[in-house]
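Hi,

Here is the structure I said I would pass on. Have a look at it first, and my notes follow below.

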Amino acid sequence: MRILVLAHAHPDLSVGGAEIAAYNLFRALGEQVGRGAVSFLARTDLASVQLGAIVERRPGEYLWRQEMGDWFRLRTAVPAALTRGFRDLLERLGPDIVLVHHFSHIGIEILHEIRRTLPDCLLVLTIHEYMMICNHQGQMVKTVSRQLCHRESLQDCHRCFPDHSPERFWTRKHFIQKHLEAVDRFVSPSRFLRERFIDWGLDPDRFEVIENGQPLAERAPFRRARADGAFVQRIGFFGQLTPYKGIEVLLMALGHLDPATRGKLLIEIHGANLDQQPPDFRDRVGEMLTTLSRSGIVRFAGAYDRVELVPKMSQVDWVIVPSTWWENSPMVIQEAFACGRPVICSGIGGMAEKVRDGVDGLHFDVGNAFDLAETLARIAADPTLRERLARNIVEPAGYEEIAGQYLALCRSALETDQGAVHGTR
Amino acid sequence: MRPLAPHILGDPTSRYAGSVDETEPDAGIGGWVSRLDDGSGPIRVALMVADRVLAESRVVASNRGERGGSPADARSVFRFSWASLLPDALGVLRAAADDEPVSVLIADSGEELRWAVRRPSAGALARLLGSRPEGLAGTPPRSALPAGGRPAHDHGTGVSFPEIAGELSAPSEAPSQGGEDRSTGREPPFHVVAAGHGSQPSLALGIDRVVTVAGAILMAGWVIGASDLCFSDGDAADVPPDELVWRPRSDISRGFGVPDERIHGFVAIWKAKPATGPVMITSEGSPELRAGVMLPTRSPPDAVRSLLLEQSDRLAIFIRMFGGDPAWMAAVMAVIGDAPPQQQHARGFIEQGRAIPGLGGLVVGWSVSLPDWQVIAVDEGGATCPLSEAPRWNRLDVRTSLDPEFGPLCLNAGFAARLAGRGAVGSRLHLVAAGPETAFVIARAHWTAAPLEPGSLAKWVFSLPVPSCDRRLFIERHVGGLLDALVGRKAAALRAVPAGIHAFGGSVVDPLCTLVIPLFGSTVFMPNQCLELAADPFVRSRVEVLYVVDDPSLVDEAVSEARRQEELTGLPLTVVDAKVNRGFSGANNLGSRHARAPFLLFLNSDVVPLAPGWVETMMAACRSAPDVGAVGARLLYPEGGVQHDGLAFAWDAALGAHLNTHPGSGLLPKAALSRATERVAVTGACLLMRKTVFDAVGGFDEEFLIGDFEDSDLCLKVRASGRRILCTEDVDLVHLERQSFGGIGSPQFRQGVVYYNLYKHERRWGEQIARSVDRRPAGR
């Protein structure tokens with residue numbers, strides 16, 4: 001059985017959750033079915049690779065220089081590269097199974113091309129976000145009001161993007177769904193995302209939930225209270241400092257804390273790229289960070305390397321994920337659980353699904369700084385809560401296990417889909 | 001000899017002195033004479049050529065005593081105007097050699113003194129005589145009055161008097177005494193004296209002119225001593241004029257020294273020539289008065305001009321009678337004057353006058369007039385439009401400024417009026433106000449060039465604020481003709497433009513059907529359409545797909561999209577580059593000319609099939625019976641409702657036309673019948689026909705503007721050929737309707753285009769639709 005795993009980036013060059021999951025799946029599958037039988041193709045923007053060309057980075061690992069030409073309908077900029085280099089590779093590798101983890105920066109036409117070149121292969125698409133449903137960078141958040149969006153419709157999408165007529169949104173959905181007809185099985189790391197896509201029109205019978213997987217980590221013990229009895233709980237924020245990650249909600253909540261709570265908490269911000277954010281957001285967050293750092297409740301730790309994550313996470317008592325969009329299965333939650341840390345999160349979407357309120361973490365009302373302030377007060381008032389919740393954490397599945405789930409899905413699909421019928425509905 | 005003798009020309013021994021001061025070839029001869037021994041008496045002078053008298057005049061000294069009373073200083077000023085010469089003089093001049101000089105002769109004492117002067121040629125003189133405003137038979141030349149002259153004549157009328165024509169002109173010398181043969185008539189000008197002395201008649205009839213314009217006859221003359229006139233033809237049948245206008249003729253009364261009240265001028269007008277021979281004029285009250293007048297078959301423009309000039313205070317009569325005739329109006333416009341400065345009868349202004357050479361043009365402006373006055377737009381060529389027949393709209397600015405003068409009459413001052421005719425750019429354009437009698441020009445402008453491209457012309461004309469109640473009038477009477485002609489010209493020119501062909505992916509061998517898909521404004525739907533077409537095995541193997549790029553700015557985009565789609569999907573595609581924008585019909589017809597298959601399927605670029613098999617379904621319907629002429633398809637909106645399930649016609653009483661309607665549009669589709677069923681018409685957004693039938697009925701009509709109604713027009717042509725129209729329901733097609741037309745022009749413009757096409761469609765098909773379809777109100 002030959003397998004090709006395809007992703008929109010290579011972890012050598014990019015550290016997003018989806019590419020890490022895809023790459024680790026590739027590695028783990030290699031362990032299980034034989035290294036030579038599994039290949040990995042990742043899109044790259046390396047200037048050293050000619051546009052459209054596919055190069056071999058190391059045995060079984062390929063880089064493909066591709067670009068998106070049309071983010072509205074997710075169309076490729078280099079169609080010729082699909083029908084030449086990509087088709088050649090597909091024919092040369094001849095996979096029985098193609099696991100596509102993302103086609104952004106490549107073009108949705110690869111699905112059609114895979115089906116055209118390999119009519120009998122099993123094509124599995126793992127969906128990591130809502131880009132196919134929502135033109136707003138897949139956030140499913142309204143463009144102007146930043147309100148959460150519950151479902152796509154031609155009229156609602158047109159209201160978010162007045163320059164695009166409802167009919168254009170029809171062409172977007174039609175074009176994307178027409179390409180999804182080439183796909184045999186859909187996978188999502190969260191039930192929440194699966195439901196959203198079933199609402200949008202995908203076939204529930206061909207849609208499964210498989211997590212991204214985590215490296216197996218040693219669960220670090222909690223820090224002890226200091227000898228003088230003073231006990232300050234540390235809450236860690238890990239992630240990009242973008243508007244949708246909710247850093248503003250977190251900092252504002254700190255402003256609402258009562259003095260008693262204030263002395264019992266320290267918020268560590270491990271985040272990068274604030275300087276790349278929109279100016280008004282950057283200035284607001286920068287100002288709040290400065291003020292709160294001066295008062296001693298916030299410590300801005302800045303960017304971190306992936307290898308530092310486990311040690312840094314082991315130093316905090318809680319991990320907070322205050323995102324103001326739905327999320328799918330945030331890697332930071334999986335990582336926190338792998339380290340045995342309870343998670344405070346917005347009570348929506350993939351976060352609410354992955355973190356059980358009052359069991360292995362705490363929910364607060366999304367975007368609500370007052371509610372978050374109350375949640376923080378509750379934590380400060382109850383120093384034993386962290387340990388009680390930590391005990392309920394279920395260790396996330398490792399890559400081996402995830403690869404096993406993918407293989408099981410593929411085997412069952414290959415059995416049931418004899419003389420495969422492709423279709424979205 | 002007197003030392004102070006004036007400069008004497010001629011014989012120095014003569015008792016006379018004199019000088020010719022002016023010899024204007026276009027005007028005449030003027031000068032003075034003086035009797036050296038006696039400055040007080042009148043002097044007879046004559047204008048001569050080759051011993052023949054052209055005119056005579058008696059002049060008296062007018063500046064007696066000016067230089068201390070010396071008789072020698074008493075000068076008698078004379079002036080002979082060429083225009084005042086008798087027509088008999090023309091014969092004299094014609095008989096004389098061209099270089100024969102004209103001389104002034106002092107005849108009182110029998111002595112002749114001659115001064116040779118330049119004179120106009122006989123031809124020039126003839127033109128001058130033909131157009132003179134005065135100087136009619138028996139009329140004293142007004143210009144003979146010396147400046148500041150005072151009455152010194154024994155008749156007490158003027159400084160000089162004319163010798164009547166009879167005394168100068170041998171052929172007409174003997175005044176008629178009646179009893180003329182009915183078959184004979186004389187050519188004006190002439191006059192007959194029935195009673196009284198020749199220079200002071202008591203019963204006389206004069207005919208100054210008879211002219212013909214555009215078949216009508218105008219006769220101007222005067223009568224002394226009679227108060228009625230009868231006109232009859234050669235068979236003694238009465239031929240009363242259509243209009244007989246009486247008017248004073250002080251010129252005649254002055255010339256003859258007859259009291260004003262005994263003289264009546266008249267103008268008799270026949271709209272058509274009243275008799276083949278001469279017209280006899282008699283008077284019931286004075287049977288001895290009788291004259292026959294020859295009617296001309298042609299009149300030189302100058303003669304008409306002269307007549308109208310004489311009647312320049314009565315021009316409204318001619319406008320009323322002949323206003324619709326360009327020849328008449330051109331003649332009137334040549335003599336009409338400007339409005340008197342203080343007149344308060346009518347006001348107006350021409351804001352735009354844009355013409356298309358050979359077709360006429362459209363005048364836009366405002367006018368206000370008293371109820372018994374009308375305002376007419378007229379151009380130099382005589383094309384007219386009474387503004388009472390033009391669409392009018394309210395002009396707040398005019399209303400505000402003219403309300404003190406015209407009150408509520410200044411409502412709806414705005415107008416737009418079509419003038420037919422030549423529409424010569426640069427030529428004059430007027431607004432004429434015509435009252436009960438007089439008429440004058442109240443506004444002047446010139447034709448400027450209108451756009452020659454029909455769409456651009458439509459943009460202009462449909463930007464005018466024509467009220468909806470006048471819309472049909474405006475389109476059918478004022479702008480429709482211009483647009484029709486331009487649309488027709490353009491369509492003919494475009495058909496001659498060759499197309500470019502770009503084929504991708506080879507060609508389908510022996511195709512059964514050709515999809516003709518016009519592209520305009522956007523290629524945005526191509527990827528979706530191609531994706532579905534490529535997924536249809538029948539289309540891939542047996543259908544030729546032609547994209548007709550009807551938008552030259554889109555060719556690159558369309559060609560690269562076609563290349564891309566062929567590359568990604570393997571669907572062979574052909575792009576037909578129309579090179580110019582030909583409109584919906586032109587693009588589809590162009591596609592049909594490049595189609596290789598026996599069936600044509602016209603498909604809008606925004607119609608996307610959602611399942612394969614639809615082309616076969618439609619073809620099967622078309623083949624189901626020999627009398628099937630065309631097959632349409634049920635189309636759905638992207639949200640799922642019916643967009644099209646056959647067209648119907650509904651009578652709209654407000655518009656006075658049948659509208660295309662989409663029955664069931666917007667409702668959820670009923671269960672689809674598997675068999676195609678008959679419709680009155682179907683949309684051209686998805687329409688299948690045999691190529692032979694399409695060609696036989698002439699294809700899509702290219703004379704609609706931009707795009708509308710071509711499909712129902714085509715269906716009605718198919719029906720008129722005895723064939724039926726079917727519609728298939730069991731197909732799955734989405735129509736992202738009107739996406740390709742949204743960008744063209746303002747809503748007002750688009751609406752104007754729709755009405756233009758609507759009325760064209762109605763003229764063509766209204767009766768047939770009314771016979772076959774209920775006149776139901778527009779279904780809404």
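Starting with one pair of strands: β7(B) and β8(B), the latter covering residues 200-213, pair in the antiparallel sense over 7 bridges. Strands here are DSSP runs of E of at least two residues, helices are runs of H or I of at least four, both numbered from the N terminus, and two strands pair if DSSP finds at least two bridges between them. Within that pairing, Gly206(B) in β8(B) is the bridge partner of His191(B).

Before going on, this is a predicted model: local features need pLDDT of at least 70 and side-chain atom pairs count only at pLDDT 80 or more, while totals for chains, interfaces and linings use all residues. Residues are numbered from 1 along each chain as its sequence is written, chains are lettered from A and ligands numbered from 1 in the order in which they are written, and side-chain values use heavy atoms, with hydrogens and water left out.

The pair belongs to an open, antiparallel sheet of 5 strands in chain B, ordered β7-β8-β9-β12-β11. Its edge strands, each pairing on one side only, are β7 (190-197) and β11 (243-247) of chain B.

Two helices lie across this sheet. Helix α6 (residues 315-322) of chain B lies across β9, β11 and β12 (263-270) of chain B, at about 15° to β12(B). Contact means heavy atoms within 4.5 Å; axes are lines fitted to C-alpha atoms, for helices over the stretch in contact, with angles from 0 to 180 degrees between N-to-C directions.

Cheers
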